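This report goes through a structure from single residues up to whole chains and the interface. Please keep the sequence and the model at hand while reading.

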Amino acid sequence: MSVEPGEYGAVGDAADMGGERSGDAPLPPAGMGAQVKELLRRSWLVRIGLFLVAVAVLLAIVGPYLARFPLEEATPNANLPPSTTYWFGTDPNGFDVFSRVLAAPRIDVAIALVATAIAFFIGSAIGLLTGYYRGWPGEFVMRIADLIQSFPLYVLAIIIVVLTGRNFQNIVLVIALLNIPIYVRLVRSQVLSLRERTFVEAGKAAGTTDLNIAVRHVLPNGLSPALAQVPITIGFAILITAGLSFIGAGVRPPTPEWGVMVASGAESIIIGEWWISFFPGVAISLTVFGFAVVGEALRAVFLREV
Amino acid sequence: MLLSVRGLSVEYRQVGSANRTVTGASLEVPAGEVVGLVGESGCGKSTLALAVLGMTRRSGQIVGGSVEFEGQKLFDVSQGSSLTEDEWRAYRGREIGLVVQHPRGAFNPVKRIGEQIDRHYQVHSGASSGEARRRTLELLEQVGINDPQRRVNSFPHELSGGMAQRALIAMALSPSPKLLIADEATTALDVTIQEQILDLLDELRRTHKLGMIVVSHDMGVVANYCDRVYLMNAGEVVEHAPVERFFEEVAHPAAIALLAAQGVGHDHRAVRLRGLPVDTRRVPPGCRLHLRCPFASSDAGCSTVHPELSNFHDGHQVRCHRAADVTALAQAARPPAESDGGTDV
């Protein structure tokens with residue numbers, strides 16, 4: 001996995017998308033649903049991305065029930081190569097790699113979804129408030145955001161998880177914390193310009209309360225970039241979860257989790273037992289790729305709209 | 001008196017300086033009358049209009065004066081009294097409506113027109129959503145929007161400028177305000193639509209018995225639709241008069257310049273104001289306009305004594321040391337009718 005944590009959120013130009021309409025083409029007078037459909041029709045890449053996301057989410061729900069062998073029960077059949085019995089081979093504990101690859105999204109995708117949801121809601125709320133009511137509290141919050149973002153991601157994650165304890169809840173909170181500044185910035189930057197728009201003044205002159213203006217009028221207009229960021233955050237959250245687990249700061253083995261599985265096979269690659277790390281590694285790549293493509297497509301749709 | 005503004009001053013505070021864009025402005029709007037508030041760009045007319053609602057833009061602050069609406073004090077800076085934000089909301093939108101310059105920008109771009117007008121009415125009247133929708137359709141019809149049933153489902157960007165302006169007027173009227181402030185409400189529209197909107201406002205004024213403040217820099221609009229004119233320059237009210245009186249014997253150089261610039265009645269070369277609008281951060285001593293004024297003279301004290309707003313005629317006040325001379329000189333500057341009749345409107 002060569003994606004640097006520092007590149008977080010730095011996504012390519014929307015025009016790279018296979019299905020991007022040329023810039024000058026007028027928008028069809030249609031809602032967002034129609035635009036998404038249009039994007040799907042034009043781009044095979046987006047279709048693949050959506051398919052991968054759908055599979056990941058589906059596996060998070062039903063994955064553990066598809067296991068062909070017990071997931072966490074050591075057997076003497078260790079390090080067997082892929083065969084008709086063990087489709088993806090077995091690992092040093094004699095676990096069936098195939099079953100565990102399918103079961104892992106229950107942990108990885110769940111952590112990512114919950115962490116992203118927390119980051120999105122808290123980050124957007126803070127971004128809205130600090131953008132709409134300017135002043136020193138907002139500046140203070142932004143400096144804290146700077147502080148969080150200036151730390152190397154993994155180092156910060158490791159420190160916090162080690163200090164607070166390795167469990168599901170703490171991993172979720174750490175990933176949420178790391179992503180909150182991104183949503184604060186995205187929403188705040190929109191709100192800062194939106195609050196100067198005529199409809200805010202008109203709203204106030206019409207007797208609307210400040211909070212009402214902020215929540216009902218400013219927020220819906222400034223949420224698009226944050227929404228487009230959601231799938232990208234989910235993808236990176238999966239990557240961080242797996243990364244933390246890989247270095248032993250995340251989910252504990254023998255829980256079926258992709259990072260743990262890659263780690264368990266890392267030492268045997270050199271002696272030719274590639275399957276132990278390879279299949280979970282591919283699973284991580286495809287899932288993150290899928291979320292990234294969907295995020296990119298959402299961005300293309302949202303950003304054209306405003 | 002529906003609205004009386006007395007001695008209103010608004011300041012914009014920046015680091016190290018204070019920009020007083022409105023200085024001691026007074027204005028009265030009788031019920032059912034239309035008051036025109038005119039002046040060149042940046043003279044403080046929009047700031048004044050907004051301050052009536054107790055509002056300012058960005059770093060602005062109301063630093064002096066009082067506003068009374070139907071005998072009720074909305075704020076009085078000298079007594080340090082003002083309505084609370086909650087109390088203000090009973091006036092903003094409900095008693096005093098504001099129609100802004102960029103109609104499409106005044107609507108929330110992600111919500112349907114009908115929804116926004118409905119809600120405005122509901123908030124101020126406590127009506128049910130069904131009643132509000134009926135009211136909205138009725139008002140949209142009244143302001144001349146075809147097929148209101150379909151239009152309520154439009155988003156702001158789907159309306160033309162004129163249509164959005166009508167919708168905005170409908171929204172402002174829905175809680176039946178007693179005063180409507182039209183801040184350059186027609187400036188962004190082309191002249192034919194502008195006329196339709198103004199005729200509409202004029203008609204609504206009569207049917208709804210509205211008092212109105214029309215903020216504009218278009219003398220034609222003022223001449224045709226207003227009962228009384230207030231002219232502002234450099235943050236001060238420099239002339240006010242009943243509209244017939246104003247156009248019959250215009251007395252302030254700024255007024256003549258505005259008229260002349262629109263080709264009304266005078267040779268514009270003779271009565272042009274020099275240079276840029278006065279920078280209200282650095283007002284010169286004496287008359288604020290004297291450096292730009294073709295009529296300024298040191299004998300009259302233009303460069304040393306700040307002129308007061310004084311009676312020129314009954315009900316016609318002017319802030320100019322040379323008002324009497326200016327009127328005469330301006331008459332003399334009229335081009336001879338036979339040689340230049342074409343431009344003489």
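## Backbone features in chain B

Glu184(B) sits in the loop between β8 (179-183) and α8 (191-208) of chain B; helices (H or I, at least four residues) and strands (E, at least two) are DSSP runs, numbered from the N terminus. Although Glu184(B) is not a glycine, its phi is positive, about 50 degrees. The residue Glu184(B) is buried, its relative accessible area being 6%. Here buried means under 20% relative accessible area, exposed over 50%, and partly exposed in between (1.4 Å probe, protein chains only).

Glu70(B), another residue other than glycine, has a positive phi near 50 degrees. Its place is the loop between β4 (60-69) and β5 (72-76) of chain B. Glu70(B) is partly exposed, with a relative accessible area of 45%.

## Basis of the model

This is a predicted model, in which local features need pLDDT of at least 70 and side-chain atom pairs count only at pLDDT 80 or more, while totals for chains, interfaces and linings use all residues. Residues are numbered from 1 along each chain as its sequence is written, chains are lettered from A and ligands numbered from 1 in the order in which they are written, and side-chain values use heavy atoms, with hydrogens and water left out.

## The surroundings of His290(B)

The loop between α11 (253-261) and β12 (310-313) of chain B holds His290(B). His290(B) is buried, at a relative accessible area of 14%. Leaving aside residues up to four places away in sequence, His290(B) touches Pro284(B), Pro285(B), Ala296(B), Cys302(B) and Ser303(B), where contact means heavy atoms within 4.5 Å.

## Chain B as a whole

Chain B contains 12 helices and 13 strands. Its radius of gyration is 21 Å, close to the 20 Å that the globule rule gives for 345 residues, so chain B is as compact as a globular protein of that length. The radius is taken over C-alpha atoms, and the rule is 2.2 Å times the number of residues to the power 0.38. Along the principal axes, the C-alpha atoms of chain B fill a box of roughly 70 × 55 × 40 Å.

Of the 345 residues in chain B, 54% are buried. Among its contacts between residues at least 6 apart in sequence, 62% join residues at least 24 apart.

## Chain A

Chain A has 12 helices and zero strands. Buried residues account for 48% of the 306 residues of chain A. Among contacts in chain A between residues at least 6 apart in sequence, 74% join residues at least 24 apart.

A cis peptide bond, with omega about 5 degrees, joins Pro253(A) and Pro254(A). Pro254(A) belongs to the loop between α10 (224-246) and α11 (258-266) of chain A.

## The interface

Across the interface, 23 residues of chain B are in contact with 17 residues of chain A. The two chains, B and A, bury about 1700 Å² between them, with 53% of it on carbon and sulfur atoms. Buried area is the accessible area (1.4 Å probe) that two parts lose on being put together, summed over both. Arg58(B), Arg89(B) and Arg119(B) supply 25% of the area that chain B buries against chain A, more than any other three residues.
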